[in-house]
Amino acid sequence: MTTLVQQYFSNSARRFPDKAGLNCADDSSTFRDSDLLTNAIANHICANGMERGSFIPFFMSKSINSIHSILSILKSDCAYVPIDVASPPGRINSILEVSNASLVIVDKASKELFLSHLPDGSKIDILVIDEFSGGDTSERDYQNLSIDIAYVLFTSGSTGVPKGVMIPHKAIIDYIDWCVSEYELSSSDVIANHAPLYFDNSTFDLYTAFSTGAELHLVHDAVNAVLPSLIKWIRNRKISTFFCVPSVMSMLLRSRRLKSDSFPDLRHMIAAGEVLPPDVVRGWMELYPHVQFTNMYGPTEITVDCSFHVIREIPTPDQQTIPIGKARPNMELFVRTENGELQQAVGARGELLVRGTSVAYGYLGDSEKTNKAFIQNPNNDVFADMLYCTGDLVEIDAQGDYLFLGRADEQIKYLGYRIELGEIEAALTSIDGVDEGVVVFNDSDKPEETGIGALVSSETLDEKALLAELRDKVPPYMVPSRVLLKTDDFPRTANEKYDRKSIKRLVFR
């Protein structure tokens, strides 16, 4: 029985010792070599006094070394904390402080950068993973239980202080075992890891590969730097399962470099992390009828995804949204209406709340934010039963599927109307000729600067034609007062999501 996620990898190492389980750029490592090395590092960590349950950050670019860091930390009965190497010093030190970190794993390439960010007099120990050699390679007798924490991912906080989401082993296992079954993954698959390791989408990539003994291929920085090169990379690596944010699908489609024979080995294209535009899905499905396309949904606080929708038919040109679907097994979804009731009936509209094994424990060292976002199920007074309040607005359609409407904090009041920016965005991106569209709101003390704005990518429409089309889809008070047409890439965060703060500055400058 698998109770700890590192057991996935060790089990595969016993089944496929000589298989190249980890691959990045020109580097690869067999399951056995990686298993033995990470056993040795884990034994070293424990021998040097690291206590069970400690939080150990790692700081390096995506590489086989970074995967070895994750496995070594897990095998030492500790929890891993990925840190983006591009993070500013303030954020890095905030994460180190909240994690109470006494040890950080780096590689030779990242060591000096990390040390330069530390304040004078720092007592943090450094382990340089690619300088490690020798040691006891025997597998440890793990002390952790499935309820112990496997990782902490830090997301952006509204106050500027990052929030560390605590995810236990049992939550990952609950999710991964379902993924492997639902997508019929096996040792013959080749799974890509596109997401950064500090982004929870990477959990799917790593652990489905570890669980099945599939090859894991990391999309390294050189490929992401020139995104169209990803097309050739997917083909050459014979990728069968690719999981990404919808923005990546949109950019690849707009590159005009996708051909019907680009991905002969691809079986699954899975999107999650932001809204999936129907026209993007249509473009992909028309090119690749042999691929199964799935829209998944879930914030970091729900161990990647709690709902899914397999897209069986090509979206029609007038379709405005792709459902986020229904709850996956062992998870349950509710709509919290304006009067506070929890509903699951067709037509219910309000904030999405989620319960189930894969709900996170909360935010490390921040009980105030935890108590606000994670609440006891009001319908259960018998045992601890936490609901995560997502802040996302949804509606249940006639088929019982949940439709994403937008963020509760993106629901604005403008000209006396309550408006969901996601509704405008869905209408905008449904217009023929619109490649991408992001809607923002500028709330200013100056009335002339207040309004709804849109950043739009289109090669065929000008602003007049675009607004004329949009007026046929939304009421006048929802039509943006400012539109910026842009044909090059939109501002994005490190996770490849739209950088809405930067977009707002562009539109309203």
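View 1. Helices here are DSSP runs of H or I with at least four residues, strands are E runs of at least two, and both are numbered from the N terminus. This is a predicted model, so local features need pLDDT of at least 70 and side-chain atom pairs count only at pLDDT 80 or more, while totals for chains, interfaces and linings use all residues. Residue numbers start from 1 along each chain as its sequence is written, and side-chain values use heavy atoms, leaving out hydrogens and water.

View 2. Helix α9 covers residues 229-236, and L230, I231, W233 and I234 in it are buried (under 20% relative accessible area, with exposed meaning over 50% and partly exposed in between; 1.4 Å probe, protein chains only). Look down the axis and these buried residues fall within an arc of 165 degrees, so they line one face of the helix; the arc is that of the directions from the helix axis to the C-beta atoms. On the other side of α9, K232 and N236 are exposed.

**View 3. What covers α9?** The cover over its buried residues includes the strands β9 (190-193), β10 (215-218) and β11 (241-244), plus the helices α8 (221-225) and α10 (246-254). Contact means heavy atoms within 4.5 Å.

**View 4. Stepping back to the protein chain.** In total, the chain has 15 helices and 27 strands. Of its 509 residues, 58% count as buried. Among contacts between residues at least 6 apart in sequence, 66% join residues at least 24 apart.
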